[in-house]
Structures are given as C-alpha cells and as structure tokens.
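The sequence and structure are shown first.

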Amino acid sequence: MIALSLLLALTGAFPNNGSEPSSHREAPFVTENPKIDATDFYMFRSYEPGRENMVTLIANYLPLQDPYGGPNYFFMDPEALYEIHIDNDGDSQEDITFQFRFKNEIVGQSLMIGDPGNEVSVEVPVINTGPILTGDASALNLLETYSLTMVSGDRRTGTKTAISLAGGNQTEFTKPVDNIGNKSLPDYEGYAGQFLYDINLPGTEMNGRMFVGQRDDPFVVNLGETFDLINYTDPLGPEDGAQDSLAGKNVTSLILEIPISFLTNNGADPVIGGWTTASLRQARVLNPFPGPNSKKAASIEGGAFTQVSRLGMPLVNEVVIGLSQKDRFNASEPMNDAQFLSFVTNPTLPEIIEILFSGAGVEAPNLFPRDDLVQVFLTGVPGLNDNGATAEYLRLNTDIPVSPLASQSRLGVIDGDVAGFPNGRRPGDDVVDIALRVVMGRLLSEDDAPSGQLDFTDGAIVDATQFDAQFPYLTTPNPGSPQPPPPTGGPR
Amino acid sequence: MRALDLKGLARVSVFLVCSIGGVGLLSSCKKSSSDPVPASAPQFDQFVRDLISATSDDTDPVDVNDREFQFDEDPAAFDDLFESE
C-alpha cells in the first residue's frame, strides 16, 4: 500500500510518462487495415460514484471515422481477434485476457419493385430501411454481434471461459449500429444504452459491465500541426488555443468494467499492467468472384492469429519507435521490449523539438541514458506503480484512491493527481501536453534539462468534464447527419 | 465459421504436408519455433494452403522471415477453397 502523502511528495521528482498520446494510423500495416488499428487504451479505477472497487478498461479501434461513412459505416472485422491483456504478477506476460470476436449478419431486406402484378423482390443497398428506435430495431438490415471470452494464462493456450450475461447463459451480445444520423436514430444514446451489459465473471459472484460500440473519439490532439514539423502557433502558448483535429470523428470502443479484486488476483499485487492487441489470421486469399453471402466472402482467411496491432502507453509507436520498426513493434509482446530500449534511453523527439525551436531558446535534455523515461515506459515509477516488470504497458496501482471527476487534473501525476496518467490513464488525462513536458525533461534537474520546466502544449485541451460521469464514460458518437453548416462563404 | 468449413481440406493437407516433409505447420508434424526452416523453397500457393488448413485459435503463427518463396502466376490456384462450401 502506498501512502498518498508519499506519492504527492514524489510528484515533483519522479520520472514519468514521457510517452505520447494515442496511436491513429501510426504504423504502415495498420493504415491498410483500419479495422484492427488500436488508437488508444485507457485503464483507471472507475470514478462513477459507488463503483470505486472496479477498474474500467477501454480499447479504442478504427480511427478517424467520419460519421457520414455510409452505406457500410464502421463494422468490426469478423475475422479479427481483439484482445485486452492484464499482467497481474509483474512478469511482463498476460495473466488474464479478454477476447472479443465479432459477427455480421445481413438481414436481407428487400422491396417489391415493378409494374403491378409483375413486381420482383430486390435487395436494398443500405443498412437500414427506416428509423431505428429504442426497443424496435426491425428496420436494421445488418446486425452486428460479438462474444467475449476470458482466457486465464497464455492468450492462446490458457483456460478459456465464455463470458455470459449476468443471471443467464447468453453469450452473444449486440453491438449497436453506428450513429447513421438523427433521422435513422432519433435517440441514439437511448438506443445504444440498451446494449450496456452486466456480465458474469468466472470464479466470483461479482459481476462486470460491458459496452461495445461507436463513441465520440475521446483523444484530443492538434494532429495536423504536430506532424507538420510541430507547426504550433506557439508551443508555449495557451493550452486551449488550438483545435482538436479529431473533433467530429468517431471511434469504436471495447469497454469493460471489472472488479479490482478479480484483476489483481485478490490483491496479491495492487499494480496491474494492461494493453490491447488485435490479430488477424496469418493467411488471406482474395476471392475473385465473391458470392452473395458470407460463405463466398471477398476473402478467405486462415492460419494462426497473428498480432498486428498493439497499444499500451499512449503514442509510443507514434513518436518514439523508429519508422522502420513500427510494424515490428505492433507485432511484439511486452516481455520482449528490451529490443526497443534505445528509442527510450536516447529519444529523438526532444532533439527534433530543439531543432525546430532552437531559435526560441528551447533545449533538449542532455542527460543520457534517459532513465526517467525508462521508468515511465518500461518499469513503472518507483513508489507509484512499478511492478517488477520491464515492459511497455499501462500500469495502474489500484491501491491509489480514485479522484472524483470534479477534482481530476488533466495533467495527472505531474500536477499532483496520482490517480491519473501515468498511473493508468483516464479519458480526461491530457497525455499530449504531459508527454511534451516530460520528454523535454520536466522530471530532470535544470542542469540536465534547461527547458524542462517550460509548459509545452499542443494547444488542444482535454479534461474530465468533457466526458460522462458514469460508465461507459465516453460520449455519444457524432451523427452522420445533419451536416454542420457550411463554412463562411457558402458551400464549395 | 470458415475454419470449420475447411475441416475436410485440412484433413487432406495433414497427410500431404507431413508426408512430403513440408513446412511443418500442422500440430501433428509441427516443429518447434527454434527448428531451422527447410532449405527448399516452398511454393507460395501451397504454403498459404497449408496455413489455411492449419487454422486454429490456439497456435502461434509461422515465422516467414527466412523463407524464400516461389510464386506461380496461376489465377485459379485457390479456386477450390471457395468451392469447398
């Protein structure tokens, strides 16, 4: 048990996060396969009142969803395996894995078309033929369902348990259709709320909760400027002076709420490590003559599941890992992370920032190896969330009390809120600003990091007030219609 | 599930792969991951076919980094996979 006072005392000195935010299209292969592109992973003690004995896990996939993306919208890949892993004994390997598998079923709605008496039945080209209402989804022409399996031990060879609906045996769950628009879905949140499930967990009388579906992308970043040679108007300017590039974009969220005691093996070690992965079958053959149903699909896939996406700490693969290693990182496991050590001990991002802003007197830290970043990325911060593992994943010390929504700091631990990033990650943690400050040496001495105390910012601000106060926390996805008004000057 | 639909094909391939000293993809003849890859260059089509035949949720993928494949330009090479259902 870590005393809160001790942690607060450490906040000015511990080396932490250093990582970066989010992971949208961060590696070459996932840009070709957006359905398995993990964008963000969150893990935090639930701050919904009365749920403090639970941990919420959120794995987001399929980035940059334009809400108007019809007629197919953003169904998950039925051939993929989506997983959330938990290491609860500090050996850098998963002890618990939650596996999500998806299915699609075309209902086959059709209309009778033709002259009276000579009508023919013709299949419709859209996924709904009328409004989809709370309690009445009969107009939906494509149904998406999923199952959840819990694996104890190795993700492939461990003991598997099909997760069922609390109080029953149902093991197939409904994923709400994406937010097509206000005419198709006049009460989206009411509709989607029907698919928030209480679930049984093996070996305990306690239940978990689950929601899988489209959400407003919670990640906030000044993305265009960040990758345009950090083209911020002023990286030391107002923390809310720029637009969120992901505003108006949706994402698909896999959200679980699991008892702390279940994840920590009844408290044997209060620190857990968590990360998400997605895997595809190793072989794929394209069908030159796709048939009208899933048995003659556009491709056939087989072989072992092969990991192609990985995400724990935010932005690691995006701005830490070298360009040629990004696919490799996505295929790797935390227990083998020593291979990426030099990207952390000798990071390039601070040097790039110095090069770009040397005219303003910005200097990168001059202390190597960057043990401060190693602790944040690979070992956990002593006295906060170290667990004996050397692995890049999100760490959460579940003994640290929850910060209620109203008292959460978007800067997390470096602002004294030890319930926030990098002790886990909450939706309102501004990991971009935190990362910028930490990689520039916030946790080092002024001699070692001359610019370490500057308040770097991308100008796109996020905090806890932008999210719901209860599970599943992430907010209603942006509707595909009506469109926002045209920009000044009228439509193009 | 397509994997289940391919059981018949898998049974056939088990015999073929093992009997010709193939790429060792199947559990019945699988080599450990530390075993050297056979020097002979496998036909890519057959390699893919063997992978699909060995579809499983419980196994690890096959390392392909040290393999050199030979490619046929046969557009019908996999037609039977789609006719099997």
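Of the 85 residues of chain B, 21% count as buried, where buried requires 20 or more other C-beta atoms within 10 Å of the residue's own, exposed means 12 or fewer, partly exposed lies in between, and C-beta atoms are placed from the backbone. This is a predicted model, in which local features need pLDDT of at least 70, side-chain atom pairs count only at pLDDT 80 or more, and totals for chains, interfaces and linings use all residues. Residues are numbered from 1 along each chain as its sequence is written, while chains are lettered from A and ligands numbered from 1 in the order in which they are written.

Chain B contains 4 helices and 0 strands, these elements being DSSP runs (helices H or I, at least four residues; strands E, at least two) numbered from the N terminus. Its pattern along the sequence is α-α-α-α. Two residues are in contact if their C-beta atoms, placed from the backbone, lie within 7 Å. Among contacts in chain B between residues at least 6 apart in sequence, 73% join residues at least 24 apart.

| Helix | Residues | Buried residues |
|---|---|---|
| H3(B) | 44-53 | B:Phe47, B:Val48, B:Arg49, B:Asp50, B:Leu51, B:Ile52, B:Ser53 |
| H10(A) | 371-379 | A:Asp372, A:Leu373, A:Gln375, A:Val376, A:Phe377, A:Leu378 |

Because 7 of the 10 residues of H3(B) are buried, this helix is largely enclosed by the rest of the structure. The cover over the buried residues of H10(A) includes helices H6 (316-319), H8 (341-345) and H11 (431-439) of chain A. A:Gly380, with a positive phi near 90°, follows H10(A).

A nonpolar core is a set of buried Ala, Val, Leu, Ile, Met, Phe, Trp, Tyr and Cys residues joined through C-beta atoms within 7 Å. The largest such core has 120 residues, of which A:Phe41 and A:Val55 touch the most other members. Apart from this core lies another, of 9 residues, including A:Ala283, A:Ile300, B:Ile52 and B:Val62. Leaving aside residues up to four places away in sequence, A:Val55 touches, among others, A:Met43, A:Phe44, A:Ile258, A:Leu263 and A:Leu396.

Between the chains, 16 residues of chain A are in contact with 20 residues of chain B. On the side of chain A that touches chain B, strands E13 (271-286) and E14 (299-311) each supply at least two residues, and E14(A) gives the largest share, 6 residues.
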